[in-house]
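Welcome, and please open the structure in your viewer. This tour tells you what to select at each stop and what you will find there.

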Amino acid sequence: MSRLSLPLVSRPVERTALPAHLYVHVPLCSSKCAYCDFCSVPDDGAISHADLVTSTVFAAVGWQRFGMEPAPLQSLYVGGGTPSVLGGYLRMLLTGIVRVYPLAPGAEVTVEANPESLDARLVCDLVAAGVTRVSLGVQSLDDGTLSWLGRAHDAERAIEAMLLVAASGLDLSVDLMCGLPRVPESRWRATLRSVVECGATHVSVYPLSVEDGTPLASRVRSGRAALPDDDIAAEEMIVAAEELSALGLARYETANHALPGKESRHNTAYWTGRPYLGIGAGAHGMLTGEQARLAGLLGEDKAARTARVRYAYGSDRLLLDGACEVEVLETLDAAEALREDAMLGLRLSAGIPFELAERSGVVPALEALEADGLVERAGGRWRTTERGWLLGNEVFGRVLDADGTPPASPGGFDARSARVLSSSGTRQA
Amino acid sequence: MTDPTLIRNFSIIAHIDHGKSTLADRVLQLTHTVADRDMVEQVLDSMDIERERGITIKAQAVRVMYDADDGRTYQLNLIDTPGHVDFTYEVSRSLAACEGVILVVDAAQGVEAQTVANALMAMNANLEIIPLINKIDLPAADPERVRHEIEEGLAIPADEAVLASGKTGEGVRDALEAVVRLVPHPVGDPGAPLKALIFDSYFDTYRGVVALIRVMDGSIAKGMKVRIMATDTVTDVEEVGVRRPANIPVDSLGVGEVGYLITGLKDPSLVKVGDTVTLAHHGTTTPLPGYREVKPMVYTGLYPIDGDQYPDLRDALERLTLNDPALIWDPESSHALGFGFRVGFLGLLHMEVVKERLEREFNLDLLATAPSVEYHAYLMNGSMEIVRSPQDMPDPGYLDRIEEPYLLTTVLVPPEYVGAVMELADQRRATFKDMQYLSATTVDLHYEMPLSELIMDFFDQLKSRTKGYASLDYEYIGYRQSNLVKLDILLAGKPVDALSFIVHRDKAYARGKVLTEKLRGIIPRQMFEVPIQAAIGSKVISRETVRAKRKDVIAKCYGGDITRKRKLLEKQKEGKKRMKSVGSVEVPQEAFMAILKVDE
């Protein structure tokens, strides 16, 4: 009888690391909102919380079986769905993930929550699990509007939840919707002020968009719901930027406003082309060509020509061992990735340095946009103007299209586009 | 050669959808011309589009051998005619190749506009008319009522009308017996010089032009030298034959026989429908009557959506013209649409069919401008200019008057819809001529109206205002003076040539207003404000504005959104490709069609 001992593994010095940003998707919601087309299912007990936590952690472990080292996480984001519906299991999930993917010092750890499933006990759990930031789906502080949207909470509950998070010392980010029917401007301004007064240091403002296949879309189609004109949404986005900046929250991205230093580091990674790992049913991730090759998502030749790979987990629940179909959505070569950096950079108020504009070959497109008053130059950078914020698709479309070659079509290159990643590291077709 | 007394040449005529082609199919089956297992629905309608739409565009001729009750075997030549008013001339030539017709009337629908028009044509050609009441198997069939309508409305005795069902085959033999018994056999002089009527032609890639002919006098055989009279073309007979329905070569065709003629000619414009074939030496000097040049009545601009397809469009038009000499086209260019062709058609159906064939068979994406008619513009100096496109309209300062083609239209409708028809006719500048009751359920209305009004979705309107009951037929009655003006549409201050149209002055204001309103709904908001104006000369008669777009952004752009966003931007780009840039304004294709459907 000999004692079981760990084998000594000699590690190569320069191993490819996994991304330093991690997104974990919890595809459960207490109920489905009328406008939502995200990957989520009602939390009706069909999927046990324990199984969900187990399979997600196994899936996270699975990524380490490809010969890549976990990099200390700069940011971890648990989104959904509504992670807060997991209650006590949320802490287990966070603990498990962080065990596998250690956090770098000062890492940002965000959890999405909805007011109706956030209580003092959950907030305590989050603090204990090392969470630093809560993103709260408030959407509106008008009860009529909230029920029109199919939200499960009312304004009072939303205010309680905001106050609770703020009191715990966690950073509070609040999502609000504009472009909703029958909201007078004074009310919209009051809502913006209220969320900041309740302690939000970060506010995201999205115009309501009607997505195919949602109950809202069928209500709109049948004429039972009327949506306000785009002009009203535009006006409200302008008002939001004005009101929030007066309260010290500056716009740093198309739809995001924050106190200095409270900008979302995780989301900023998305907007600056950093690779990130996405885990969970319906989750998306972005890898370098090399990382995708090691994970078996791309062949060697393709990987060599690829700078950026986006993949998605299938929307079916994970198997208990974490296995799930993973599909390559798109691959970008170096030139396409640069253009994408330029496009995403223009969504940030900081804009992009001249140097990136030149390297990505988008200068002629920017000059044309400048003539239309949509972008401007300042301090060695190109950045979007006030008008450009609202006509973003014009800006982004023309930048992405700068040289006219479309990016490689997803899945068109070989049969590797669909893979099964499992915790055991074996990949079944 | 067959004894002419054993030949019967006949045609089946009907209103569209009354079951003509199905009935023809049954004749082929009953006479074992086509084996049951080879029977494709509607054998004679061979083009895909014909089969899909259930219409006949080209004439067809098929020979069947029929063992009659009298114990003799007859050669029956069934000439299937185009079933649409656009092809009236072709129908008249096909009828000229026959001695009789079976007039098919739907047992439920009864007599309709084209029933009347076709019956009149057959009467004018002095043909024996055998009425046949079809679809008697339908639950709604009412043969007694229909018999009455035929007698009252068409003055054709119908007590002996054949009752038949193309679907079940019932009565088909009765119909053929009636043909043998009632249709006169052809009469001609076998000793006279050859006289044969070309009643249709088509182009075969290997054999060149194939003409369908009916021999009136003399005979035609392989190796002869013949002259095609109107085009004065002398050529050799490479082959003659009969269609069963595949081409079967024969040594010769004699008096009364129907078949095909191959000469090796490659130019379809030399072998025209209605022309006479005779001997090259000592031929006849008197051609068969009734030949005329076919003239297009409706014109439209056809433009490839992708400018690179312009040469392909030209090739496609050249190829279609081989089979369809009635199609004429000239290159034209538009500031808004680039290079294209002004194409002339016999009528609206002809236009639709050609456009569909160009898109389907030649894989082209086409944009068609509003159809126009051929206007005659008389200038102060006495000269006349032909105007086929609004762009050709002379400056009003030089203009004395404009004339436009007029039609005599026949509308058959149940009495309760007469009011609706009158209201529509009133809006379309139609002049009421007369009205009569064909029966208690059918009123026959006659109007004179400009062709330009008919091509503005008149038929659709007529159908929708009469719950589909009205049927329509028309004939051209010549040019008449009208007070017409050219209406320009300006986008962002610039006239868009492809949106201009010619309209009666009294209606210009209303139409300009409706059209600018409609365009406001069609033209998407752009980065700047786009005024839409309708103007006659320099006078603006209506104005709408597409407000500048203020917001067009996807605010959410996180991990998974980036791929979605890229796809969306690409879709937008595709959408933009489907639009035409007119100056700085992106104009969707529907805008160019909006002029067609304008309800005042």
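Start with chain A: its domain 1 and domain 2 together bury about 740 Å², with 56% of that on carbon and sulfur atoms; buried area is the accessible area (1.4 Å probe) that two parts lose on being put together, summed over both. Select Arg251(A), Glu253(A) and Thr254(A) next: they supply 61% of the area that domain 1 of chain A buries against domain 2 of chain A, more than any other three residues.

Before moving on, note that this is a predicted model, in which local features need pLDDT of at least 70 and side-chain atom pairs count only at pLDDT 80 or more, while totals for chains, interfaces and linings use all residues. Residues are numbered from 1 along each chain as its sequence is written, chains are lettered from A and ligands numbered from 1 in the order in which they are written, and side-chain values use heavy atoms, with hydrogens and water left out.

Seven residues from domain 1 of chain A and seven residues from domain 2 of chain A take part in the contact, where contact means heavy atoms within 4.5 Å.

**Helix pairs in chain A**

Select helix H12 (residues 334–345) and helix H16 (residues 392–400) of chain A: their axes come within 9 Å and cross at roughly 165°. Helices (H or I, at least four residues) and strands (E, at least two) are DSSP runs, numbered from the N terminus. Axes are lines fitted to C-alpha atoms, for helices over the stretch in contact, and angles run from 0 to 180 degrees between N-to-C directions. H12(A) and H16(A) are therefore roughly antiparallel (angles under 35 degrees count as roughly parallel, over 145 as roughly antiparallel, 65 to 115 as roughly perpendicular and the rest as oblique). Show side chains for Arg339(A), Glu340(A), Ala342(A) and Met343(A) in H12(A), which meet Phe396(A), Val399(A) and Leu400(A) in H16(A).

Now go to helix H2 (residues 88–100) and helix H3 (residues 120–128) of chain A, which pack at about 10° with axes 9 Å apart. That angle makes H2(A) roughly parallel to H3(A). Gly88(A), Leu90(A), Arg91(A) and Leu94(A) of H2(A) touch Leu122(A), Asp125(A), Leu126(A) and Ala128(A) of H3(A).

Which bond joins Gly80(A) and Gly81(A)? Zoom in to find a cis peptide bond, with omega about 25°. Gly81(A) sits in the loop between strand S4 (73–80) and H2 of chain A.

**On to chain B**

Select domain 1 (4–182) and domain 4 (376–482) of chain B, two of the domains in its assignment. Their centres, taken over C-alpha atoms, are separated by 30 Å. Here 13 residues of domain 1 of chain B are in contact with eleven residues of domain 4 of chain B. The pair buries about 940 Å², 60% of it on carbon and sulfur atoms.

Helix H7 (residues 310–323) and helix H8 (residues 348–361) of chain B come next, packed at about 125° with axes 10 Å apart. H7(B) and H8(B) are therefore oblique to each other.

For a last stop, find the cis peptide bond from Arg244(B) to Pro245(B), with omega near -25°. Pro245(B) lies in the loop between strand S12 (239–243) and strand S13 (247–250) of chain B.

Definitions and conventions:
Domain bounds come from an automatic or database domain assignment.
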